[in-house]
Structures are given as structure tokens and as C-alpha cells.
Amino acid sequence: MMPVPGRADGYRQAPPRRSGPPPTRAMPSRGGVPPAARPPRSRRRRFGPGKILLTLLSVVLLFFAGVWIYLEFSIHRVAAIEDYNGRPAAASGTNWLIVGSDSREGLSAEDEQRLVTGDVAAAGGGQRTDTIMLAHLPDNDTKPTLVSLPRDSEVAIPGHGTSKINAAFSLGGAPLLVKTVEQATGLRIDHYAEIGFGGFATIVDAIGGVDMCVDKEMHDTMTGITIPAGCQELDGAHALGFVRMRHSDATPRSDLDRVENQRKFIGALVSQIASPGTLLNPFDFFPLLGAAPDALTMDSGDHLHNLVGLAWAMRGISSDGVLSTTVPVTTASAEHWDKSKSRQLFDALRNDTAVPDSAIMN
């Protein structure tokens, strides 16, 4: 017998036996790469309803944050509120001075004709206030109060003697008007908002007009504007005519009827702006967004959240959620305030108490 290689005695050694099942042989895949060599498949992550909603919510929040920042830094500011010796002390609640000026700034000749703004020279020149309102927002559960200060009211204007209250704006702008109102009412003004002729009309047109019900046809013999009786939608030009009108058979009390109509319109305007029909309608919301910065002027210390708080409080004017009144006066000309009743009114506002019925005048 021939010797076996690797063994001295020539016999072949049997291979050792393996315990357990026989090893399996990996079959190559179609691409020639065994399965063990391929990377594991990653599962696709699908966007569920929760993630979709979260993404949409994030987009909405970013959009409104951008809108907020845009408005905060775009609205005009003026140093309207100043400290001085003898200024009324802060009391209960928050007081806004809301001014509608007869400013024609930015209006073209065509705009002035369309809005029937009149001749500034014929009106005495300068810049005056067609609307002066004091809005008081209480710290307790008493109603917010919106008070009209008739523009022909004779008051002491610091440094200029006694004159009509709207002359303060012409003589010294917003700072002098604020100081005059503070001295006349004994109330400290915390915030200031102003809108001119063009800005007012632009805001109204931006939201597609404001719904108003007019009891009697209004025809202004000075401007020629006519507003028919009945419920209707007023555009910017007719809205401006409505809040300015006092030479009409429908406004026999002249300025007293005018300031009452101004408060009615402000209530309708604020309610319509704050409605879902405006805020959720891009054809109203975006024009309003574009018009607001150029239309409004605020005090340099005011912020957008202050304005939102005012609008939220004033939205109840049309639903009796806000007390609407005029400073009590002694005659229909509204030149002189009733000292006793006006004191009752301003004391109630200062202390956040209910205004006595005797001090309410419409």
C-alpha cells in the first residue's frame, strides 16, 4: 500500500465530524451580490395627518408673525404724548385719544375732488381735527366708554388762551392736542391714534365698504354729497361724507348729530374689520393689510398689541357693549361744556365706575 501524504504510517485521516445541521450556502442575488452584503432597506416615512396639520399650523403661525412684524414697523409714529408739569396722574383704566384729521397729505387733485375734501384755504388753513374721541378701557367689568369731544368746544389751549379745541391740533400738532385734552378733562392720555381723510377712505374701500342703515336721506348743502335713506354699503367717499356731514336736514343739531354718526360708523367699521368675513377673505384682508400702515399714525410709545386691544374693546359699540356718549354741553352749538355733568363723566372714567345717566348725552 502506498503511503498517504501527510501521515507517517501512510493512512489518510478522516475529517472531523461537525455537530448540528449542515451549513447552508448563500445563494447569490440577481445582481451577483449576496444578501448579507447588501445594506438593509430603509422604510419610507409617510406624513400622517398629525404631521400635516403641524406643518400647516407652523406655516400659518409664521405668516401671522410676519404680518405682525410688518405692521409693527410700518405704521407711522409721532411723539404725541409728552410729560410736563401739572400733567394729570395715572388713574384706573386706559385712555386713548382718537383723532380724525382733515389732512389731505398724499391726496391727488382727483382724490380731493372724489372725496369732496373742500378747500383747505377756505377752511382757515393749517391742519385741524374733524373728529376727536376719548376711548376709555376699564380695568374692571364696567363697559368701555367712547366719548366725543365736539370740535367747536371752547377750552383753554396751553400757551394760546381759550379757543376751539380743534385749533390745538393746528397750533401745535398732536402733542398740543393731547395736552389740551388732558388739561380739559383731567384724564391722562395713555395712547394716541390718528387717521386722515385719505387714510379713512382707503381703509373703508380696502374692506369693500361698510354696511350702514341711514334713517333719513342725508344731503349736505356744503359738499353736495347725498346719502339715500335705507340700509346700504358705503364706499370710502360716501363714508367720509357721512362722518363729516352737519349741513343737512338729517343733522338738525349740526355737530352733535355729526359726532353721534361718527361713533355709529366707528362701531360698524370696527365690527366689520374684526369679522371672520374680512379676516378670512384674502380679497379684503390683503388690501386692508396694505392700506393700514399708510392710513394710521400712532404715538411713538405705542405698539400693535395696544391697537388690537382698542379694536377688541370697541367692537361692541354697535351691540350696546360700549357706552357711547358726547361730553355734556349747554347749547346745541356744542361750544360750552356743562361743568357739573362733564365733571361727573370724567370722574367716573377716572375711577372706573359707571357713568351716571345724567352725564350721558347722545
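## Salt bridges

The predicted model contains 12 salt bridges. Three of them are described here: Arg 77 with Glu 72, Arg 87 with Glu 182, and Asp 347 with Arg 350.

## Arg 77 and Glu 72

The side chains of Arg 77 and Glu 72 form a salt bridge with an N to O distance of 3.0 Å. The two partners fall into separate accessibility classes: Arg 77 has a relative accessible area of 30% and is partly exposed, whereas Glu 72 has 15% relative accessibility and is buried. Glu 72 is classed as buried because its value lies under the 20% limit.

In the salt bridge between Arg 87 and Glu 182, the closest N and O atoms are 3.1 Å apart.

## Asp 347 and Arg 350

Asp 347 and Arg 350 are joined by a side-chain salt bridge, N to O, at 2.5 Å. Both residues lie in helix α10 (residues 339-351). They are three residues apart, so about one helical turn separates them.

Asp 347 is partly exposed at 32% relative accessibility, and Arg 350 is also partly exposed, at 23%. Elsewhere, salt bridges with shared partners make one network of Asp 83, Arg 87 and Glu 182.

Strand β4 covers residues 145-148. Thr 145 and Val 147 point to one side of the strand, while Leu 146 and Ser 148 point the other way. All four of these residues, Thr 145, Leu 146, Val 147 and Ser 148, are buried.

β4 is paired with two strands described here. Strand β3 (residues 129-137) runs antiparallel to β4 and is joined to β4 by four bridges. Strand β13 (residues 323-326) runs parallel to β4, again with four bridges. Leu 146 takes part in both pairings: Ala 135 has Leu 146 as its bridge partner in β4, and Leu 146 stands opposite Ser 324 in β13.

Key
Residues numbered from 1 in each chain as written. Predicted model: local features only at pLDDT ≥ 70, side-chain atom pairs only at ≥ 80, totals over all residues. Heavy atoms only, no water. Salt bridge = Lys/Arg side-chain N within 4 Å of Asp/Glu carboxyl O. Buried < 20%, exposed > 50% of the residue type's maximum accessible area, 1.4 Å probe, protein only. Pairing = 2+ DSSP bridges.
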